[in-house]
Amino acid sequence: MPTPSSDDAFAEVKAKVDLVKVVQEHVRLTKRNKDFWGLCPFHQEDSPSFKVNPQMQSWYCFGCERSGDVFTFVELIEKTDKRGALQLLAERAGVELKKLSPEQKERSDSRKRLLAMLKLAAQFYEYVLWSTPAGEPGRRLLGSRQVKEETARRFQIGYDPAGRGFADYLRAKKRSLADAQEAGLLRRDGTDFFAERVVIPIRDERGQPLAFTARTVRQDEQRKYINSPETPAYVKGRVIFGLDLARDDIARRGHAVLMEGQFDVITAHGAGIQNAVASSGTALTDDQVRLLKRFTDELLLVFDADRAGRQAAQKAVLLAAGHQMRTRVASVEGAKDPDEYLRAAGEDAAKRWEELATKAPSGFEFGMEEAAAGLNLSNANHVELAARRLREWIAQFPTPIQEEYRERAKRWMGVSGHLLAAEPDERRNSGRPNTAKVGKNGLETLPAGKKITVGRYLLQLLAVRPVAFDRVRTKITPDELDEEDRGIYVRMLETYERGGVFGLEKELAGYPAEEQDLIRRAWAAPPPNVDEEVAVELAERIRLDRMKGRHSGIIRELSEAERGKDSERVARLEAEARELARAIADMERRG
Ligand SMILES: [Zn+2]
């Protein structure tokens, strides 16, 4: 990012950490000549093709062709973003990020104090639950919900006894009651906020408690659940419950199971479904989807079986589609929520779950079924109504995928095309400008009259986010680009290989004037959607166009060969065309 202040921080941190040491925490390295070699942590391999160059403080994998510096390494291995990598490495190097103003310093210190307090509280509640007579009501509640101690301990579930248990503990330990109050753990009168409740920590993806949600053990209590207030440490809608425990399994299985409630997730983990997480305390938010997207591209949504749950699922499908994530929706028939479903299945939970997950339709199909629910599709009036609902459903997806969805809806419903064609006013005015108009890659949002090519757009994106080269380069070769884009692409790629993410700023002065111009303009006014996924998508689109061009070239050549009765050439061209057509179809299906 070309902002000088954060640049300084990156440079300072980079000077203080050793890439070799950082890598060694994850990969066993062997020294060969000047370099270190090991098995690449980013792809499966049996012999080492992952190289770390200590002089350059850079790394490169000859297998998957990923490369970068210490920041990119941490980004990939910790599944975080650039900012997150900077923070992790700064902590390790003892670098204070930015010169903090006194107010900022105060805020950062108070956040640290809150986090320490929340950690202490979680330990206290857990201790009370399992190791004191006062924890009995909590143990009874968990028992009635069939939560085993082993599972409860993984979630660090605890119990806050009646009265002032935690407050007294803090006093005995000479800890600050004010901090505990600010963290939302004590009421103003000094009593425990979570008294007589089973307390579940809401932890970030690294396992740090940020807040609590708590279930009462009293029959006469109206409010079953209460939650921590928002604090400088906790912003509702930014945390995914269970992610710290589920992240490895999400990576292994390639998808996350997204549920609504904390107990859904706890029961799921107890039943061996360890990639389950929940949007905690709110309907799914954009921030939460972005967080999940760091770990996976696919969500299996398992929401409550009631109407509210089904509507929440539809919203989640759309939200995920806006971030190019695939979704499937599983329904827990005969139960009110996943918790109840899994508990009823008892010993068979894992097997029943497998069946449920296999049957789950895609998010889009789920929405179609919802649209037609209760209608009789052999009745003309009903068909029209269903078609209208389907149109509305499709119009909420990002524009580039609407056409394909319309096709699928036609096949699914067996209605004629015109019923599903978007009406002009719906297209303009679907009431959801953000999902409907902003396309997958933002191309549609460019101001009219300033049309740029896909290639140019990709170059702009790479100028702003050079790390995207790591993936873009695996998707296209330079000669698949238009001639006018090829030179600058290769130059930028070389710069990136030499100098990593900051190379461009250092080497830009040596670029031809018009290339400098393009890059500076991209920095000054970044394209609307700076995202690696978008870059990859653009690269694939360029590749696809190139392949289609080649395909029609071959077809022209083919008719020429047929006229010339050159049977050998005909056979060869036919085979080529077939192969190409298959590749094109493959790409379009995936895209
Ligand atoms: Zn690799």
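Me: What counts as a polar contact here, and which residue's backbone oxygen lies 3.1 Å from a polar atom of the K293 side chain?
Reply: A polar contact is a pair of N or O atoms within 3.5 Å; within protein, one must be able to donate a hydrogen and the other to accept it, and residues adjacent in sequence count only if both atoms are side-chain atoms. The model is predicted, with local features needing pLDDT of at least 70 and side-chain atom pairs pLDDT 80 or more, while totals for chains, interfaces and linings use all residues. Residues are numbered from 1 along each chain as its sequence is written, and side-chain values use heavy atoms, without hydrogens and water. At 3.1 Å from a polar atom of the K293 side chain lies the backbone oxygen of H323.

Me: Is K293 buried or exposed?
Reply: Buried means under 20% relative accessible area, exposed over 50%, and partly exposed in between (1.4 Å probe, protein chains only). K293 has 18% relative accessibility, so K293 counts as buried.

Me: Which backbone nitrogen does the side chain of D264 reach?
Reply: D264 sits in helix α11, residues 262-270; helices are DSSP runs of H or I, at least four residues, numbered from the N terminus. The D264 side chain comes to 3.0 Å from the backbone nitrogen of G261.

Conventions:
Helix = DSSP H or I, 4+ residues; strand = E, 2+ residues; numbered from the N terminus.
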